[in-house]
Amino acid sequence: MLPTGAKDTQLRENNSQKVHPQPMEETINQNPEAVETLISKIFTNISSLKSAYIQLQQAHTPYDPDKIQAADKLVISELKTLSELKHFYRENNPKPVCVSPQDSRLAAEIQEQQSLLKTYEVMVKKFQSEIQNKDSEIHQMQQQIEEANQKRVKLEKNVKLRGLSMKESEGSGEENGFLPVDLTPELFTSAVESACKAIHDFSKPLINMMKAAGWDLDAAADSIEPNVIYAKRAHKKYAFESHICQRMFSGFQQENFSIKLDNPTVTKESFFHQYLGLKEMDPLDMLGQNPDSIFGKFCRSKYLVVVHPKMEASFFGNLDQRNYIMGGGHPRTPFYQAFLKLAKSIWLLHRLAYSFDPHVKIFQVKRGNEFSEVYMESVVKNLIRDETDQKPKVGLMVMPGFWIGGSVIQSRVYLSGMKVNE
């Protein structure tokens with residue numbers, strides 16, 4: 001019989017010993033062939049995953065959305081297969097309490113493949129993000145193409161509005177003697193300048209012929225607009241320019257320019273076609289082709305109101321030219337050709353005014369109106385007020401003004417009762 005202390009020591013030693021129900025080798029190696037088959041499938045799957053990943057990379061250079069989508073599906077399929085193998089292994093091989101060195105190497109290898117799998121998953125997500133970005137870029141490009149097509153349609157419409165086909169604008173424009181013209185406010189402003197210059201240019205031969213015929217120019221100027229106080233005697237030339245302006249622009253606010261038409265309905269495109277058709281032509285050549293055209297009727301009617309019969313009789317000693325014009329002709333005399341240049345500039349301005357949508361509106365300034373820097377421009381720049389504090393007043397309107405869109409083209413006026421700042 002053992003002493004009491006010896007019994008306690010023996011019990012502690014027996015309790016410290018571990019008891020395994022079965023060896024671990026038996027658990028792991030119950031079916032070694034199945035494990036080897038699983039490992040073989042894993043390596044085959046990893047190889048397929050690598051191949052799919054390479055295809056995904058190649059599909060980006062050059063960028064091919066269809067190939068990228070196919071490679072992406074292949075990568076996802078291989079990842080799913082690998083995930084299924086992993087779950088199959090875990091279900092059939094519960095985690096052991098302890099493992100042998102051989103099993104540790106296998107576990108490490110599986111862990112390495114799992115890490116590689118995570119890397120591939122990250123790369124796949126990256127490529128999917130790039131695909132989304134590319135899709136977004138493609139969508140933006142499609143929108144840009146659509147916008148470009150809309151602009152092209154507008155340009156083609158503008159070309160048709162100018163009366164030119166695309167081929168004419170590219171090749172035959174120079175052969176026809178003119179280049180394509182854009183319908184812009186700047187074009188109309190330029191036409192206003194040309195019309196103003198044409199009035200000034202025609203007034204010169206008119207005044208010279210009046211001098212040669214013995215006309216009293218002071219009396220003639222006063223009869224046009226009486227009681228205008230001129231800063232200089234030479235400024236009375238503006239009375240004759242005002243006379244020409246008033247007669248030439250009468251009826252401008254009407255679409256037919258006060259001319260009777262067989263077909264009163266005219267489209268805006270037709271107005272611009274008429275502008276382009278006459279712009280580069282000699283007006284006398286145009287009238288030679290069609291003396292009774294709408295332009296021919298315009299020239300005939302305006303000549304008869306601008307040049308008074310008494311004035312013409314004093315110039316030429318007879319009314320033969322006037323009678324010839326009233327009979328439907330257009331004489332080739334220098335005086336009438338000078339007038340045709342004026343008529344052409346006013347006619348072109350009217351054609352342009354009604355080419356716009358909405359059309360350009362004209363406004364005129366009456367004598368006695370207070371001068372407005374917004375709506376008026378003085379034809380003489382160095383005028384100053386006299387001793388009175390009254391605001392400058394309009395004496396003559398030399399050129400009307402226009403509203404085009406939201407902009408104003410100023411009327412040109414001569415101010416009465418001013419002094420020249422020498």
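Helix α7 passes helix α13 in a left-handed crossing, a term used when the near helix is turned anticlockwise from the far one by less than a right angle, right-handed being the clockwise case. Helices here are DSSP runs of H or I with at least four residues, numbered from the N terminus.

This is a predicted model, in which local features need pLDDT of at least 70 and side-chain atom pairs count only at pLDDT 80 or more, while totals for chains, interfaces and linings use all residues. Residues are numbered from 1 along each chain as its sequence is written, and side-chain values use heavy atoms, leaving out hydrogens and water.

Two packed helices are described by the angle between their axes and the distance between the axes. For α7 (residues 185–212) and α13 (residues 309–316), the angle is about 65 degrees and the axes lie 9 Å apart. Axes are lines fitted to C-alpha atoms over the stretch in contact, and angles run from 0 to 180 degrees between N-to-C directions. The two helices are therefore roughly perpendicular, the word for angles of 65 to 115 degrees. On α7, the contact (heavy atoms within 4.5 Å) involves L206, M209 and M210; on α13, it involves M311, F315 and F316.

Finally, helix α4: which of its residues are buried, that is, under 20% relative accessible area with a 1.4 Å probe and protein chains only? They are I68, A71, D72, V75, E78, L79, L82 and L85.

Note on methods:
Parallel < 35°, antiparallel > 145°, perpendicular 65-115°, else oblique. Buried < 20%, exposed > 50% of the residue type's maximum accessible area, 1.4 Å probe, protein only.
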